[in-house]
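Thanks for coming. I will go through one structure, a few places at a time, and I will keep to what can be read from the coordinates.

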Amino acid sequence: MKYSSYFIPTLKETPSEAEIVSHKLMLRAGLIRKLTSGVYIYMPAGLRSIRKVENIIRDEMNRAGAIELLMPSVQPAELWQESGRWEFYGRELLRFKDRHDRDSCLGPTHEEVITDLVRREIHSYRQMPVNFYQIQTKFRDEIRPRFGVMRGREFIMKDAYSFDTDEKGAEKSYKRIYEAYSNIFRRCGLKFRAVEADTGSIGGNFSHEFMVLSDTGEDQIVNCINCDYAANLEKAEVRCIQNNHNNAKDDPAALEEVETPDKKTIQEVSEFLSVSPERLVKTIIYNVDDYLAAVLVRGDHEVNEAKLRNLLKADQLEMASQETVRSVTGAPVGFAGPVGLKVKIAADNNIKGMVNFIAGGNKKDLHLKNVNLERDFKVDVFGDLRFITPSDACPRCGSEIRFGRGIEVGHIFKLGTKYSKKMKALFLDEQGIEKEAVMGCYGIGVSRTVAAAIEQNHDNDGIIFPIPIAPFEVLILPLQVNEKDVAEAAESIYKGLMEKGIDVLLDDRDLRAGFKFKDADLLGIPLRVTIGSRELKNGKVEMKLRTGSENTLISYHGAVETIIDKVKELYDKAE
């Protein structure tokens with residue numbers, strides 16, 4: 001490809017709308033252009049990177065035995081109503097009516113569509129296992145689109161769905177795709193980690209997120225320094241040690257009321273009473289489906305709503321309004337406590353070991369001292385309901401844990417029979433008995449993967465693309481394009497690389513060298529070959545890695561072979 005006949009509209013200045021590195025650099029390097037909020041045009045060079053990610057995905061998914069198809073982006077409401085997600089999915093689901101007044105939506109995901117297909121086409125165990133996948137544009141009407149294609153409303157996604165006859169087969173399918181995903185992100189040249197994750201609105205009973213490691217990642221991840229345990233912050237389990245700050249050796253003391261005027265927060269109350277936050281218990285009121293619940297966690301901990309939702313098996317969960325809190329407790333927010341409450345009470349495991357703790361008194365400006373479980377109140381259900389902290393130990397081996405940041409680029413789920421049961425995706429087993437298919441679901445954000453690669457690989461000058469997903473592998477940059485010898489040498493190397501299948505861009509623009517160098521660094525092509533009249537007279541051209549600072553002189557006559565060897569070396573390092 002020749003630069004003069006291609007289209008890479010680079011920008012000198014960073015657009016004001018850009019917030020994070022990948023968004024800034026993708027706009028400046030001419031990889032994307034904004035159409036409207038959360039919706040982007042993939043420009044030619046950006047699309048090349050996306051297509052390379054797609055090709056790697058197809059290769060590994062095909063190798064794992066998955067079969068590619070393409071499903072419609074417009075989906076009828078009936079399918080979503082059948083699965084129960086038409087209302088549950090919320091306003092991210094873009095709903096509309098067609099000219100016949102039929103309800104439809106733009107697909108954010110395709111569990112309903114693929115389950116409908118399978119129930120109509122697959123009826124026997126002999127047709128299973130099967131795994132279908134597609135690479136397609138999705139739409140989720142994000143309330144606050146941001147970070148460019150990292151969290152847009154429209155995006156390119158690979159989604160796959162496996163159907164097995166039993167849990168054992170589903171486990172094998174899950175492991176196959178887990179390995180395929182590991183291969184995909186490894187081949188993309190990314191540093192990543194697979195972590196345990198919550199299943200969220202997709203459902204199911206187990207999942208892993210694939211995280212590209214980056215200091216700028218919006219997700220926190222936790223991993224053990226000794227064993228292979230890793231999870232995102234939402235999913236990370238807390239090792240249950242009950243008697244850690246409030247020793248059960250203490251005898252229960254008499255319940256005592258204490259005035260706490262205008263002291264609502266944990267910090268305010270602990271300072272006023274001269275105790276540590278660990279001695280307090282927070283009581284938070286939640287709307288849970290069609291009832292109210294009080295949730296108890298220690299004063300220095302925070303409620304993990306994903307864990308709470310799972311423990312209570314809730315579809316809808318939200319913190320109660322101030323008016324609701326007052327009606328339930330008789331007090332404004334900040335003074336709620338478990339004593340005397342007439343709602344369901346869920347408590348974190350750590351509460352079990354607390355003795356003589358402090359809690360709200362359910363009256364304005366009042367707290368209770370020496371509150372004790374069983375004597376003063378009862379808990380309906382205990383569970384791991386809080387976020388893990390750096391002071392906690394690994395839930396598997398008890399070793400130290402480490403916190404980091406990552407960008408989610410892939411997510412795999414064990415769905416079980418969540419959809420096949422509701423939508424009656426049934427098959428006949430070997431005994432002729434009708435059973436529900438056991439499903440798995442597997443997604444990769446294709447456009448998001450390119451953005452994550454940039455977040456992980458950049459410097460002050462621009463993008464540093466891993467070679468497997470770079471828009472071009474090699475950039476040839478002649479300095480004096482109007483000098484015959486330089487132009488012919490550039491053309492010769494360009495054609496030689498093209499004939500060998502190298503993805504090469506020839507910058508044949510008649511511009512100042514500094515301008516062309518700036519664009520080269522901004523675009524992030526892994527290998528640059530500079531051709532100047534002075535070195536060419538000595539039979540040399542310059543070769544430079546985007547990751548390096550030094551230019552290497554190589555023989556002009558052997559340049560094609562040398563460049564090819566270097567490209568192969570870069571691929572080996574990337575994988």
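Where is Glu 278 found? The loop between helix 7 (266-273) and strand 14 holds Glu 278. Before going further, please note that this is a predicted model.

Is Glu 278 buried or exposed? Its relative accessibility is 19%, and buried means under 20%, so Glu 278 counts as buried. The side chain of Glu 278 makes a polar contact with the side chain of Ser 276, at 3.0 Å. Val 303 is 25 residues apart from Glu 278 along the chain, and 14 Å separates the C-alpha atoms of the two.

As one example, Ile 345 in strand 17 has Ala 294 opposite.

Which residues of helix 9 are buried? Helix 9 covers residues 322-329, and Thr 324, Val 325 and Thr 329 are buried in it. Viewed down the helix axis, these buried residues fall within an arc of 110 degrees, so they line one face of helix 9. They pack against strand 14 (281-288) and strand 15 (291-298). Glu 323 and Ser 327, on the other side of helix 9, are exposed. Just after the helix comes Gly 330, with a positive phi of about 85 degrees.

Now a second sheet. In general, strands of a sheet pair through backbone hydrogen bonds, either parallel or antiparallel. Here 3 strands form an open sheet in the order 13-19-18, and the pairing is antiparallel. Strand 13 (256-259) and strand 18 (357-360) stand at the edges with a single partner strand each, so one side of each has no neighbour in the sheet. From one strand to the next, the twist averages 30 degrees. Strand 13 and strand 19 (residues 366-371) run antiparallel and are joined by 4 bridges. Glu 256 has Lys 369 as its bridge partner in strand 19.

How many residues are in the largest nonpolar core? There are 61, and Leu 31 and Tyr 181 have the most contacts inside this core. Leaving aside neighbours within four places in sequence, Leu 31 is in contact with residues including Met 26, Ile 41, Tyr 42, Ile 454, Phe 465 and Leu 523.

One last residue. Thr 530 lies in strand 29 (residues 527-531). Why does Thr 530 count as buried? Buried means under 20% relative accessible area, and Thr 530 is at 3%, so it counts as buried. Its side chain makes a polar contact with the side chain of Arg 528, at 3.3 Å. Not counting residues up to four places away in sequence, Thr 530 touches Leu 477, Leu 479, Phe 517, Val 541 and Glu 542.

That is the end of the tour.

Key:
Residues numbered from 1 in each chain as written. Predicted model: local features only at pLDDT ≥ 70, side-chain atom pairs only at ≥ 80, totals over all residues. Heavy atoms only, no water. Buried < 20%, exposed > 50% of the residue type's maximum accessible area, 1.4 Å probe, protein only. Helix = DSSP H or I, 4+ residues; strand = E, 2+ residues; numbered from the N terminus. Arc of directions from axis to C-beta. Contact = heavy atoms within 4.5 Å. Pairing = 2+ DSSP bridges. Axes fitted to C-alpha atoms, helices over the stretch in contact; angles between N-to-C directions. Core = buried A, V, L, I, M, F, W, Y, C linked by side-chain atoms within 4.5 Å. Polar contact = N/O pair within 3.5 Å; in protein donor to acceptor, adjacent residues only side chain to side chain.
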